[in-house]
Amino acid sequence: MFERRRADRFGLAVAVIAAVFSLIATFASAEDTAAAATAEADSVWQQRCTTCHGMTGKGDGAASAALNPKPRDFSSAAWQASVTDAHIEKVILEGGQSVNLSMLMVANPDLASKPDVVKALRAHVRGLNGK
């Protein structure tokens with residue numbers, strides 16, 4: 001009887017330890033995914049967005065002088081307060097026309113399969129608030 005309880009406790013301890021290691025691996029994997037998504041979002045921002053929006057998101061990129069309407073100034077606190085995260089993500093994925101804005105804000109359909117990258121881009125835009 002004592003041996004049976006001991007074996008049951010040992011089995012339970014092994015299961016608990018395995019579960020803890022599994023959780024640690026899941027969190028580490030999630031952190032790796034988030035870091036990779038942020039790195040890719042930074043690359044997308046630099047390659048696709050800065051041309052019009054500028055490095056600091058003020059709408060003063062190299063191509064902005066020739067655009068009408070002018071690109072959005074993401075540093076505007078009033079604008080930041082007026083839009084939802086879902087709105088920003090929709091514009092990133094589907095372009096300006098999808099929300100009755102300028103067709104010059106192009107869609108990025110290649111990011112539809114990369115929701116973590118889209119979220120990281122949205123976070124980047126949100127991070128420009130007040131800067």
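Predicted model: local features only at pLDDT ≥ 70, side-chain atom pairs only at ≥ 80, totals over all residues.
Q: Is Ala-41 buried or exposed?
A: A residue is called buried under 20% relative accessible area, exposed over 50% and partly exposed in between, using a 1.4 Å probe and protein chains only. Ala-41 is buried, because its relative accessible area is 2%.

Q: Which residues does Ala-41 touch, once those up to four places away in sequence are set aside?
A: Contact means heavy atoms within 4.5 Å. By that criterion Ala-41 touches Val-117, Ala-120 and Leu-121, with residues up to four places away in sequence not counted.

Q: How many helices and strands does the protein chain have, and how does one read the chain as a whole?
A: The protein chain has four helices and zero strands, so that, by the DSSP runs, its elements follow the order α-α-α-α from the N terminus on. Of its 131 residues, 27% are buried. Among contacts between residues at least 6 apart in sequence, 45% join residues at least 24 apart.

Q: Which residues touch the most other members of the largest nonpolar core?
A: In soluble globular proteins, nonpolar side chains tend to be buried together. A nonpolar core is a set of buried Ala, Val, Leu, Ile, Met, Phe, Trp, Tyr and Cys residues joined through side-chain atoms within 4.5 Å. The largest one in this model has 17 residues, of which Trp-45, Leu-111 and Leu-121 touch the most other members. At least two residues of this core come from each of helix H1 (2-53), helix H3 (85-94) and helix H4 (115-127). Not counting residues up to four places away in sequence, the partners touched by Trp-45 include Phe-74, Leu-121, His-124, Val-125 and Leu-128.

Q: At what angle do H3 and H4 pack?
A: Axes are lines fitted to C-alpha atoms, for helices over the stretch in contact, and angles between N-to-C directions run from 0 to 180 degrees. H3 and H4 pack at about 115°, and their axes are 9 Å apart. On the H3 side the contact is made by Asp-85, Ile-88, Glu-89, Ile-92 and Leu-93, and on the H4 side by Val-118, Lys-119, Leu-121, Arg-122, Val-125 and Arg-126.

Q: Where does Gln-80 lie, and is Gln-80 buried or exposed?
A: Gln-80 lies in helix H2, and Gln-80 counts as buried because its relative accessible area is 4%. Leaving out residues up to four places away in sequence, Gln-80 touches Phe-74, Val-125, Arg-126, Leu-128 and Asn-129.

Q: With which residues is Thr-51 in contact, leaving aside its neighbours within four places in sequence?
A: Thr-51, which lies in helix H1, is in contact with Gly-61, Ala-62, Ala-63 and Ser-64 when those neighbours are left aside. The C-alpha atoms of Thr-51 and Ser-64 are separated by 7.5 Å, with the two residues 13 apart along the chain. Thr-51 has a relative accessible area of 38% and is therefore partly exposed. Ala-63, placed in the loop between H1 and H2, is likewise partly exposed, at 25%, and its contacts, with neighbours within four places in sequence left aside, are Thr-51 and Cys-52.

Q: Where is the place of Pro-69, and which residue is joined to Pro-69 by a cis peptide bond?
A: Pro-69 has its place in the loop between H1 and helix H2 (77-82). The cis peptide bond joins Asn-68 and Pro-69, and its omega is about 10°.

Q: What is phi of Asn-100, and where does that residue sit?
A: Asn-100 has phi near 60°, a positive value in a residue other than glycine. Asn-100 belongs to the loop between H3 and H4, and Asn-100 counts as exposed because its relative accessibility is 75%.

Key: Residues numbered from 1 in each chain as written. Heavy atoms only, no water.
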